[in-house]
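Thanks, everyone. Let's take a few minutes on pockets and a ligand. Here is the model.

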Amino acid sequence: MKSLIIANWKCNPVTLVEAGNLFNTIRRGIKGIKKAEVVVCPPFIFLESLVRLSSKTISLGAQDCFWENKGAFTGEVSPAMIKKIGVNYVILGHSERRKYFSETDEVVNKKIKKSLKEKLKPILCIGETIEEKKQGDKIKVIREELKRGLKGISQKEIKNIIIAYEPIWAIGTGENCSIEETMSSVLLIRKMISKIYSRQIAAKTRILYGGSVTSRNAGDYIKTIGVNGLLVGGASLKPNEFLNIVKSGQ
Ligand code: PGA
């Protein structure tokens, strides 16, 4: 299986020129790389322009979407709109959405369901805060976020979902999660999926790690059994750094 490296640009950059330059530099740099699949998730406003620059080796994802396809929902962007312009992935339940926009597991679940109906591949983000970790609630948080996020999702549909384990304390802090801890969380996620669905499905589910990934630590995660790729925030805005992350699995 190729490792899946996802760039989450968050609310960056400001202009289409900058976005186009960044995307083109990454696209050129990954030519010839066989062991990785790259997905870039820019702000909504740049998606349609960047889709035109995408290729087989680099595709696009949205950072969020709404749970209905159209209607009186001011400010929202729907899964159908995203799919129709040629985008195939969508990040859902990112901790910044949960924190700043009060997204609950129930909201995330509705968004996942609608995205799947539109044939988008959701990247479901889960992970504990530092307080939850200190209180010994990590396992409980991972279980609950998975159970609620995947509620009502069929055996067939789960095959199109990617899970990203992103401990919130590791996001944007420079404090990445240790390999041992990542391995145990990823194993827990796989066990949960096995319990809800089946062992075969759990074995095939792609589980990524995210949180302060850099070119210095990326290789360690990619080489870790059970980790199928990375969700990269800050480092994905620096083209050389991001390219080194992508290359670290070669
Ligand atoms: P980071 O962000 O790589 O800047 O820690 C990861 C993410 O939020 O997906």
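Start with where the ligand sits: its space is the second largest pocket. Keep in mind that this is a predicted model.

That second largest pocket holds about 260 Å³ of space. Its lining has 20 residues. Nearest the centre are Gly 172, Ser 212, Gly 233, Gly 234 and Ala 235. By class, the lining counts five nonpolar, 11 polar and four charged residues.

Now the ligand itself. There are 13 residues around the ligand. The closest are Lys 10, His 94, Glu 166, Gly 172 and Ser 212. This shell splits into four nonpolar, seven polar and two charged residues.

Which side chain puts an N or O atom 2.7 Å from a ligand oxygen? That is Glu 166. Ser 212 also has an atom 2.7 Å from a ligand oxygen, but there it is a backbone N or O. Gly 233 uses a backbone N or O atom too, at 2.9 Å from an oxygen of the ligand. How much of the ligand does the protein cover? The figure is 95% of the 280 Å² of accessible area that the ligand has on its own.

Last, the largest pocket. Its volume is about 320 Å³. Lining it are 13 residues, and the closest to the centre are Lys 10, Cys 11, Gln 63, Arg 97 and Phe 101. Helix α4, residues 95–100, gives the largest share of that lining, with three residues. The classes here are six nonpolar, three polar and four charged.

Note Lys 10. It is among the closest residues to the ligand, and among the closest to the centre of the largest pocket.

Note on methods
Residues are numbered from 1 along each chain as its sequence is written. This is a predicted model: local features need pLDDT of at least 70, side-chain atom pairs count only at pLDDT 80 or more; totals for chains, interfaces and linings use all residues. Side-chain values use heavy atoms; hydrogens and water are left out. A residue is near a molecule or strand if one of its heavy atoms lies within 4 Å of it. A polar contact is a pair of N or O atoms within 3.5 Å; within protein, one must be able to donate a hydrogen and the other to accept it, and residues adjacent in sequence count only if both atoms are side-chain atoms. Accessible areas come from the Shrake-Rupley method with a 1.4 Å probe; for residues, only the protein chains shown count as cover. On a 1 Å grid over the protein atoms alone, a cavity is a set of points where a 1.4 Å probe fits but cannot get out, and a pocket is an open set with protein on both sides within 12 Å along at least five of seven lines; lining residues have an atom within 4 Å of a point. A molecule sits in a cavity or pocket if more than half of its atoms lie within 2 Å of its grid points. Ala, Val, Leu, Ile, Met, Phe, Trp, Tyr, Cys and Pro count as nonpolar, Asp, Glu, Lys and Arg as charged, and the others, Gly among them, as polar. Grid points are joined across faces, edges and corners, and a volume is the space filled by probe spheres set on the points. Helices (H or I, at least four residues) and strands (E, at least two) are DSSP runs, numbered from the N terminus.
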